[in-house]
Amino acid sequence: MARGGIEYRDNRGNSTYRSLQATLEKPIGHGLTFHAAYTYSYMINEERDGLYGGDSPYFVEDRYNIRGTARGNSDMDNRHRLGVGYVYQIPTVAGLSMGAAHALRQVVRDWRLSGMTTYRTGWPFTVLADQID
């Protein structure tokens, strides 16, 4: 019976993440509120985990000098990220105090509609051209 090889992994890498974050929340009125959040960030690491994103495993060229050979932008580096959202409080229906109308009012009271959209820059990548003549 054939057995597979044994792979050894060692945690020797280091990552740095820095960011500037800003948030704005503005009640517009009549039950409507907007929310926006922006992040400018920068992530650097010394060793890429090839399992992130489905690539084959990446091995450091010089495991005793990781900072000197493999330091650079992280595969997970997104410089800009903007999230925009809204919440709308559905107004209560006044004057419905009898029978089925009262039951309907009780069911739909305190309902909110909300949504969120996120925009971000793409992942960094390297262009490779092996066979250029």
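Trainee: Which residue stands opposite Thr23 in strand 2?

Mentor: Ala37 is the residue opposite Thr23. Before we go on: this is a predicted model, where local features need pLDDT of at least 70, side-chain atom pairs count only at pLDDT 80 or more, and totals for chains, interfaces and linings use all residues. Residues are numbered from 1 along each chain as its sequence is written, and side-chain values use heavy atoms, with hydrogens and water left out.

Trainee: How many bridges join strand 1 to strand 2?

Mentor: There are 14, and the two strands run antiparallel. Strands pair if DSSP finds at least two bridges between them. A strand here is a DSSP run of E with at least two residues, numbered from the N terminus. Strand 1 covers residues 15-29, and strand 2 covers residues 32-45.

Trainee: What sits in the hairpin of strand 1 and strand 2?

Mentor: Two residues lie between the strands, and His30 takes a positive phi near 55 degrees in that hairpin.

Trainee: What does the Ser41 side chain reach?

Mentor: The backbone oxygen of Asn78, at 2.6 Å. Leaving out residues up to four places away in sequence, Ser41 touches Tyr17, Arg18, Ser19, Asp77, Asn78 and Arg79; contact means heavy atoms within 4.5 Å.

Trainee: Asp77 and Arg79 are both on that list. What do they form with each other?

Mentor: A salt bridge, with the closest N and O atoms 2.8 Å apart. The term means a side-chain nitrogen of Lys or Arg within 4 Å of a carboxyl oxygen of Asp or Glu. The structure holds one salt bridge.

Trainee: New topic. Which residues make the nonpolar surface patch?

Mentor: Leu20, Tyr38, Tyr40, Leu82, Val84 and Tyr119 make it, with an area of about 550 Å². Strand 2 and strand 4 (80-89) each supply at least two of its residues.

Trainee: Where is Val84?

Mentor: Val84 is in strand 4. Its relative accessible area is 32%, so Val84 is partly exposed.

How values were computed. Helices (H or I, at least four residues) and strands (E, at least two) are DSSP runs, numbered from the N terminus. A polar contact is a pair of N or O atoms within 3.5 Å; within protein, one must be able to donate a hydrogen and the other to accept it, and residues adjacent in sequence count only if both atoms are side-chain atoms. Patches are made of residues with over 30% relative accessible area and no salt bridge: like charges are joined within 9 Å, nonpolar side chains (Val, Leu, Ile, Met, Phe, Trp, Tyr) within 5 Å. Accessible areas come from the Shrake-Rupley method with a 1.4 Å probe; for residues, only the protein chains shown count as cover. Buried means under 20% relative accessible area, exposed over 50%, partly exposed in between (1.4 Å probe, protein chains only).
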